[in-house]
Amino acid sequence: MRRFVRLMAGAAAAASVAALTMAPSAMADPPSGKTVHNFDLSGIGADTTQSLFDQFSADYNAAQSAAHKADSASNPYLYSWDATNPTTQAIGDSIKLKKGCAALPRPDGASAGVVALTTLNKSDGTVGTGKNKRQTFCIDYVRSARNRSTTDPPYSKGGLAFITLAGDAITYATQPGSAAPSDLTTLQLFDIYTCKVTNWKQVGGKNAPIKAFIPQSGSGIRTSFLSAIGIPSGGSPGTCVSDESTKKNPGGALQQNEGVNVQLNKNKPDVIVPFSVGKYLAEVYHSAKCLNHFCKVVTSGADKGKICLPSKTQNEFGCDNHGTLVLNSINHTAPTTPFPLPKPSASKSSPVINKNFTALFDLTQYVVVPFSTAKGSVNGIAPYLVPFFGPNGFTCTSKIAKKDLANYGFRVYGKGSAGGHSITKCGDTH
């Protein structure tokens, strides 16, 4: 989940796009007191790209404001909601995505976001006149760290379009001094996560029990990782694998890409958990350290209400909450270049995802939207969303967006084309 300092921007910071994007000024979810209109874009979904989309939102809206383009039906602004409450870390708290929309439980992860988009999404009115008139909805897009599943609505009218955004990868993470080997094969990971193997000695490690963890059931990282190791879409890991499910959170409470979780810091030599490589790089090399060990909100003193304090050279959104987890190789291929990862203080340039990492664990980050056949749609993307997510839209062509993608650890893809269906071309759909 995003660990992000709540600081208000000063009037001077609002004077230019540069000031807005350099100062830690934006707030968790849409800024407090900001009205998200029915004509604006409002998104939900995956933790993995939520900080990236917060940055997209801050940069895009600031650029529009600096160009004196007010938030309006003809110039909608972009907003994004975290997978969990950014202040309390509550799962499934009630949120209202736009003015006039009914409250709904906050979707935790890509799959939960897709379910909300297809079952809870309601029209909140219409905007425009004549040929520019369009219906508006409470949910406009979903951030997804997984590909289309067999249970998702089809790529056709009434269904969904998965829009290619950026490149990522998944590997397994362990703690320093782990009993696990620093390299595992796909088959060994399958055996671990189906409980066929329960001791690290069985896969070339030390004689110690395996404590396997997996993110909660709505997580795209969970779905993508299980698919990569050979557990089909909709399948579950073995009973020895924990997602911290409770009566209150039967789908699991372990958030993806969060090494500070208490359970991951018990019996450290035994732990294994999947982790987004892009998110890891963003946390370690571009994000501020947490103000306390487990990245909890400070409850008193000068830093009350804060979690971390990003400098002007660090990402405005997200804190470094990888804890002490380290990334490992799969099938004798390194997840990053260079690898092993250098200490941030010793790194002259930020490491990147290894383009030659084992192919099964390559990951594409997506934006999911309702499939549109309206006049002006591109690749099934509705006309009003095309300027944001289409092949020639903001996320695929803007220099600002490309810089954001790199700073948040992801691989920048070349832009796609009308009619394109590649999963490595930004703006293509399937």
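# A walk through a predicted protein model

About 870 Å³ of space lies in the largest pocket of this structure, which is a predicted model. The lining of this pocket is made up of 35 residues, and those nearest its centre are Arg-134, Gln-135, Ala-382, Pro-383 and Tyr-384. Sorted by class, the lining of the largest pocket contains 18 nonpolar, twelve polar and five charged residues.

Rolling a probe the size of a water molecule over the atoms shows where empty space is left. There are three cavities of 30 Å³ or more in the structure, and the second largest cavity has a volume of about 40 Å³. Among the residues that line the second largest cavity are Pro-215, Leu-254, Val-273, Pro-274, Phe-275 and Leu-325, together with others including Gln-255, Asn-257 and Glu-258. Its lining divides into seven nonpolar residues, four polar residues and one charged residue.

Stepping back to the whole chain, the secondary structure comes to nine helices and 18 strands. The radius of gyration is 21 Å, close to the 22 Å that the globule rule gives for 430 residues, so the protein is as compact as a globular protein of that length. Along the principal axes, the C-alpha atoms fill a box of roughly 70 × 50 × 45 Å. Of the 430 residues, 57% count as buried. If we take the contacts between residues at least 6 apart in sequence, 70% of them join residues at least 24 apart. Ala-374 is found in the loop between strand 18 (362–370) and helix 7, and with a relative accessible area of 38% Ala-374 is partly exposed.

What does helix 4 (residues 186–193) pack against through its buried residues? In this helix, Thr-186, Leu-189, Asp-191, Ile-192 and Tyr-193 are buried. An α-helix has 3.6 residues a turn, so residues three or four places apart point the same way. The partners of the buried residues of helix 4 are strand 8 (160–174), strand 9 (183–184), strand 10 (211–212), helix 5 (220–229), strand 11 (271–276) and strand 15 (329–330). After helix 4 comes Cys-195, whose phi is positive, near 70°.

Salt bridges also join side chains, and the count in this model comes to nine. One of them is formed by Asp-71 and Lys-34, whose closest N and O atoms are 3.6 Å apart. This pair links distant parts of the chain, 37 residues apart, with Asp-71 in the loop between helix 2 (50–66) and strand 2 (78–80) and Lys-34 in the loop between helix 1 (17–22) and strand 1 (41–45). Asp-71 has a relative accessible area of 17% and is therefore buried, as buried means under 20%, whereas Lys-34, at 34% relative accessibility, counts as partly exposed.

A second example is the pair Lys-289 and Asp-320, whose side chains meet in a salt bridge at 3.1 Å, N to O. Here too the pair links distant parts of the chain, with Lys-289 in strand 12 (residues 288–289) and Asp-320 in strand 13 (residues 319–320), 31 residues apart. Lys-289 counts as exposed at 57% relative accessibility, while Asp-320 is buried, with a relative accessible area of 5%. In the salt bridge between Arg-146 and Asp-152, the N to O distance is 2.8 Å, and both Arg-146 and Asp-152 are buried. Asp-29, Asp-93 and Arg-106, in turn, are linked in a network of salt bridges.

Finally, some details of the backbone deserve a look. The peptide bond from Thr-337 to Pro-338 is cis, with omega near 0°, and the peptide bond from Phe-339 to Pro-340 is cis, also with omega near 0°. Pro-338 has its place in the loop between strand 16 (336–337) and strand 17 (352–353), and Pro-340 is likewise found in the loop between strand 16 and strand 17. His-68 has a positive phi near 60° although it is a residue other than glycine; His-68 sits in the loop between helix 2 and strand 2 and counts as exposed at 74% relative accessibility. His-332 has a positive phi near 65°, is found in the loop between strand 15 and strand 16, and counts as exposed at 72% relative accessibility.

Terms used:
Residues numbered from 1 in each chain as written. Predicted model: local features only at pLDDT ≥ 70, side-chain atom pairs only at ≥ 80, totals over all residues. Heavy atoms only, no water. 1 Å grid on protein atoms, 1.4 Å probe; cavity = no way out; pocket = protein on both sides within 12 Å on 5 of 7 lines; lining within 4 Å. Points joined across faces, edges and corners; volume = space filled by probe spheres on them. Nonpolar A, V, L, I, M, F, W, Y, C, P; charged D, E, K, R; others polar. Salt bridge = Lys/Arg side-chain N within 4 Å of Asp/Glu carboxyl O. Helix = DSSP H or I, 4+ residues; strand = E, 2+ residues; numbered from the N terminus. Buried < 20%, exposed > 50% of the residue type's maximum accessible area, 1.4 Å probe, protein only. Rg over C-alpha atoms; globule rule 2.2 N^0.38 Å. Contact = heavy atoms within 4.5 Å.
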